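Please open the structure in a viewer and keep the selection tool at hand.

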Amino acid sequence: MKFTRRSGILLHPTSLPGTPGIGTIGKPAFNFVDWLCDAGQSLWQILPLGPTGYGDSPYASFSTFAGNPLLIDLDLLVQDGWLTKKEVRPPEYIKTTGNVDFGAVVWWKLPLLKKAAENFLNAAKDYNLEQYKAFCRSKKSWLDDFALFMSIKTVYDKKAAEEKPDNSIWYAWWPKKLALHNDEALKEWYKANKKDVDSYKVIQFFFDRQWISLKKYANENGISLIGDIPIFVAPDSADVWSNQGLFQLDKTGKPDCVAGVPPDYFCADGQLWGNPLYDWKKMKDDGYKWWVARIKRVFELTDVLRIDHFRGFEAYWSVPATEKTAINGKWCKGPGYDLFKTIKSKLGELPVIAEDLGVITDEVRALREQCGFPGMKVLQFAFSPDEARQNGMTNYFLPHMYNTDNCVAYTGTHDNDTMQGWLTNLNDEQLVLVAQYIEGCELDVKKARVLVASGKLRKDMIRAALASTAAYAIIPMQDITGADNTARMNTPATTGTNWTWRMSSKDLRSVDAHWLSFLSELYGRD
């Protein structure tokens, strides 16, 4: 599918301002759409929408199909009559400004959502119940198992916390029949815990209604939503638990091998991600039904899809589950074009962005080109002195080296430092290289540092992305506001402080909107 020249902003809904504890998909999200319109932007890119678990990463969720309950707007639930204003008044430890404290938000918000679900089930009018039942029927392929998974998990996570086992994941801690997804055991669980299981379904109904309303508003105002999925799913997820035959697991449900990346210049031990690996042969045998359903679900919620770690479809790094590092892994062939050919035959031509960063082989490039997917060009990756001046500025992340318009330009991604933070912390040699390339004139270190401090170099980096030949240009919101490295969304291979950044309502400045609108019009971006 041919991408036309467009531009937009990368901002996950959790980072939206104005609501207690965490950004939501209520009024602040609609206000952001209005700001995008004022800014002449037509794309809003988000991170994966699934319910997050330990570490709060949207790339490791309890379900690739479900929505994150923490994004549900409580004021809209009050408006619908499922909660009262008094009930949603936040306690003192929940702040409207500042970064997200996920632990505090979960402690406060999830019980409110369960209460709203209970009120819905007890008092909903017939037309509300019909909408809910229609939702349950249309999402049955994943919703029933997700609700059961969360209900069982809540009980056994509490027991795990009390007894402190080394591994509280479902295959190591749940009763055997529940862990192995035994139909009779699940029927008994549902019979004994019907209200609890159903409450998880209602919460997903709340999410779906609010999100679809936001998507409709965005689309009506000319804004397309870019969704995101990781190639792999979390081991502690309804996806693995309810589809054990589609993964490389032993007879207890434990992974035989797990995902990672091999040792490289950045990490001598490689990276051991720990995700279960797909059994691609079994997936092929059933027509990739799970993948078709997964992609279809994303396109119910968004208009364009970015697939993380695209190279894993050509070949993936498989590490025995008993290993402590990724060193002793091996490359195994992925499904290649066969998967995407099947998806296309079932769902038609789809606008997909392939995350093709890292060490990419000719085979991966060939697969991406065969699929017709645009890849990614990240400006922060373009300025290594070793690969620049010594090689005639041939780094293919540099705008003048883009050999196609079938790509997406970014100043940075969720895994990068903010642009202002990155520029501030460059060494002298690298900073001068960046400044001279972007400004188009000879500069010394002192003048380059002045350009950083004033914000001019940051803004000119944004201009370079928008001016490039790339079909799409996406700018993280932190780069628009000029936020420093304290606003970084994620630092790979670390835990504890990631995914927490929230913008301020004051960050939605009309002066920035006017500037972006001018640049987008100047460079022919819708």
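Is Arg 449 buried, exposed or partly exposed? The model is predicted, and within it Arg 449 has a relative accessible area of 27%, so this residue counts as partly exposed.

**First stop: Arg 449 and Asp 428**

Select Asp 428 together with Arg 449; their side chains form a salt bridge with an N to O distance of 3.0 Å. Arg 449 belongs to helix H18 (residues 445–454) and Asp 428 to helix H17 (residues 428–439), so the pair ties together parts that are 21 residues apart in sequence. Asp 428 is partly exposed, with 40% relative accessibility. In the structure as a whole there are 28 salt bridges.

**Second stop: Asp 144 and its two partners**

The closest N and O atoms of Asp 144 and Lys 140 are 2.6 Å apart, in a salt bridge. These two residues are separated by about one helical turn, because they stand four residues apart in helix H6 (residues 140–163). Lys 140 is exposed, at 52% relative accessibility.

Asp 144 also forms a salt bridge with Lys 201, at 3.1 Å from N to O. This pair links distant parts of the chain, with Lys 201 in helix H10 and Asp 144 in helix H6, 57 residues apart. Both Lys 201 and Asp 144 are buried.

Move to Asp 479, in helix H20 (residues 477–481).

Select Trp 241, in helix H11 (residues 238–241). Its relative accessible area is 0%, so Trp 241 is buried. The contacts of Trp 241, leaving aside neighbours within four places in sequence, include Trp 170, Trp 174, Phe 149, Leu 148 and His 181. The side chain of Trp 241 also reaches the backbone oxygen of Ala 179, at 3.5 Å.

The whole structure contains 42 aromatic pairs. For one of them, select Phe 383 and Trp 422: the ring centres are 6.5 Å apart and the planes stand at 45 degrees, so the pair is tilted. Phe 383 lies in the loop between strand E10 (375–378) and strand E11 (407–410), and Trp 422 in helix H16 (residues 419–424), so the pair ties together parts 39 residues apart in sequence. Both Phe 383 and Trp 422 are buried.

Finally, display the largest nonpolar core, which has 171 residues. Ile 9, Trp 35, Trp 44, Trp 291 and Phe 313 touch the most other members. Helix H10 (residues 194–220) supplies the largest share of this core, with ten residues. Centre the view on Trp 291: apart from neighbours within four places in sequence, Trp 291 is in contact with Ile 229, Ile 231, Tyr 278, Trp 280, Met 283, Phe 313 and Leu 339.

Conventions. Residues numbered from 1 in each chain as written. Predicted model: local features only at pLDDT ≥ 70, side-chain atom pairs only at ≥ 80, totals over all residues. Heavy atoms only, no water. Core = buried A, V, L, I, M, F, W, Y, C linked by side-chain atoms within 4.5 Å. Buried < 20%, exposed > 50% of the residue type's maximum accessible area, 1.4 Å probe, protein only. Contact = heavy atoms within 4.5 Å. Polar contact = N/O pair within 3.5 Å; in protein donor to acceptor, adjacent residues only side chain to side chain. Phe/Tyr/Trp six-rings, centres within 6.5 Å; stacked < 30°, edge-to-face > 60°. Salt bridge = Lys/Arg side-chain N within 4 Å of Asp/Glu carboxyl O.
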